[in-house]
Each structure stands twice: as C-alpha cells, then as structure tokens.
Amino acid sequence: MAERVAAGSRRAAILRAAAGLFAARGYHGASIEDLGRAVGTTGPALYRHFPGKEALLAAMLLEVSERLAEQGARVVAGAAGPEEALEGLLRGHIAFALGEPALITVHDRELDNVPEPERHRIRRLQRGYAEEWVGVLARLRPGRARQSLRAAVHAAFGLLNSTPHSAGELAPDTMAELLFRMGRAALLVED
C-alpha cells in the first residue's frame, strides 16, 4: 500500500514538474532528460510511470479535465440553488486558475500534441464541464437561448483562464475576488 501511495505521489510530482516545464519551454522544448532532472531522477526512469512524453502530456491534460468535470458536477449537485451553484463553480475554477496556471498554459499551447483518442476524451470532459455551467445559467436566466449562455460561459472561461498573464500583480485573495466579481458579471449580463 505504501509503495502504491509513493508511486501515486511520484506520478503527481512528475505531472506538476512537466506542467511547469511545458509551460515555460513548450512541449517540444522540454526533453525527457529535462523532466527527469526536474524531479531528481534520470529521464529514462520516467518510463516507469509513463510510456513516453506524449503519454505524460495526455495524462496531465486528462487528469485536470477529469478533476474539473468531477468538481463541477459535485458543486452543482450539492448546491441549494442556482445562485449557490454559480458561486461554487466560479470559486472552484478561480482556485484552479490561480493555483495551477501552468496547466492553463499547457492546455492552450499543447493540446494538439495529445494523440487523438485522448484529445477527444479531454474535449468531451471539457464540454461536459462547460454544460454544467450552462445548465446553472439556464436556471438563472430562463429566457436566454442556450447558445447565448454557452457563449457567455466560454467568454468567462477566457477571463478566468487569463491568470497566467494577469495574476502576478495582485495578492492572490485580491485577484480571486476580482475574478469572481468580473466572472459573475460576465455570466449574468443581460442581452
């Protein structure tokens, strides 16, 4: 059991280090040797955890997509109403965006380097996550067309996911509150 936990935490450490390197240097600019050095081992030792760099990238983006989808579904299911659900979705996504900006950068730049079966699964998870938001907005704005709500959700994601470029100038709590107010306003704007 302890060995499995150690392997899981090692895998998580590799994924975190790879996210940082891929965000800083790009997928093609970071070698297996660079990734190994970043976690205190050799490049070939990473093959115990991932068949290759492509698989590592796919695992990274699948993991974050699964995590966001599960979190979104849990927030919506546990909310007392759509206002509470929207607040939970916003605060959860903001925590992710401020806490893991490298993953946003990697996703934006490197999704095309993920093999098609995994890329399709990532996109499906992301669509499901976005539809959780659309469903909440539909309850808050029942007269708006779903296409309009979907466009608002994607625009809000653009705002919230700007943190790799904008978060450093403000204290994290201040930035989180600013993003919350701006995201909520963008989502609830009247047509």
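This is a short walk through the aromatic rings of a predicted model, with a look at one annotated stretch at the end.

Start with the rings. The structure holds 4 aromatic pairs. One of them joins Tyr129 and Trp133.

Neither is exposed. Tyr129 has a relative accessibility of 5% and counts as buried. Trp133 is buried too, at 1%.

Tyr129 has another ring partner, Phe157. Here the centres are 5.6 Å apart and the planes stand at 0°, so this pair is stacked. The pair links distant parts of the chain. Tyr129 lies in helix H6, while Phe157 lies in helix H7, residues 146–160. The two are 28 residues apart. Phe157 is buried, as is Tyr129.

Next, move to Tyr27. This residue is in the loop between helix H1 (2–25) and helix H2 (32–38). Is Tyr27 buried or exposed? Its relative accessible area is 8%. Tyr27 is therefore buried, since the cut-off is under 20%.

What surrounds Tyr27? Set aside neighbours within four places in sequence. Tyr27 is then in contact with Phe22, Lys53, Glu54, Leu57, Glu110 and Asn113. His49 is another matter: 22 residues along the chain from Tyr27, with 18 Å between the C-alpha atoms of the two.

A charge over a ring turns up elsewhere as well. The charged end of Arg91 sits over the ring of Phe180. The distance to the ring centre is 3.8 Å.

Finally, turn to the annotation. An unreviewed UniProt entry places the feature "DNA-binding region" at residues 31–50. In the model, this span is 35% helix and 0% strand. Its end C-alpha atoms lie 14 Å apart.

Notes. Residues numbered from 1 in each chain as written. Predicted model: local features only at pLDDT ≥ 70, side-chain atom pairs only at ≥ 80, totals over all residues. Heavy atoms only, no water. Phe/Tyr/Trp six-rings, centres within 6.5 Å; stacked < 30°, edge-to-face > 60°. Buried < 20%, exposed > 50% of the residue type's maximum accessible area, 1.4 Å probe, protein only. Helix = DSSP H or I, 4+ residues; strand = E, 2+ residues; numbered from the N terminus. Lys NZ or Arg CZ within 6 Å of the ring centre and 35° of its normal. Contact = heavy atoms within 4.5 Å. UniProt positions renumbered as here; feature names shortened; annotations may be inferred.
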